[in-house]
Amino acid sequence: MYDVYFQYFDGTDYLCQNVSKISVPGPNGYKEITGDEIMKQKYRLHNELYLYSEQRVYTVSCNNLKSIEVRKK
C-alpha cells in the first residue's frame, strides 16, 4: 500500500491513502500501475490520475500540480 501526496502551485495539497493501483494516461488509453511499480513510475503531470484503494477511488487533476510524493507503507 502507498500514500500519494499531491502539492499544487496555489498552496493546496491532497493526500490519497492506502493506494494499491494507479491509472495513468498512455498512448493507447490508460495504463494500470500496481505493486512496487507505483514507486518506479515516472508520472507525467499533464492529465488526470486515477488512484484506487480498497475503500476509495480518487480522481486527481494535474492542472496546476507542482509535485507528487509517493510514500510506501
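Okay, so a contact here means heavy atoms within 4.5 Å. Among contacts in this protein between residues at least 6 apart in sequence, 51% join residues at least 24 apart.

Quick housekeeping. This is a predicted model, where local features need pLDDT of at least 70 and side-chain atom pairs count only at pLDDT 80 or more, while totals for chains, interfaces and linings use all residues. Numbering starts from 1 along each chain as its sequence is written, and side-chain values use heavy atoms, with hydrogens and water left out.

On to the overall build. We've got one helix and seven strands, both taken as DSSP runs numbered from the N terminus: H or I with at least four residues for helices, E with at least two for strands. From the N terminus on, the order is β-β-β-β-α-β-β-β. The radius of gyration, taken over C-alpha atoms, is 11 Å, which agrees with the value near 11 Å for a compact globule of 73 residues; that rule is 2.2 Å times the number of residues to the power 0.38.

Now the sheet. Strands pair if DSSP finds at least two bridges between them. Three of them make an open, antiparallel sheet, ordered S2-S1-S7. At the edges sit S2 (13-19) and S7 (65-72), each pairing on one side only. Seven bridges tie S1 (residues 2-8) to S7, and Tyr-2 stands opposite Lys-72 in S7.

Then there's a hairpin: S5 and S6, with four residues between them. Four bridges join S5 (residues 49-52) to S6, running antiparallel. Tyr-50 has Thr-59 of S6 as its bridge partner.
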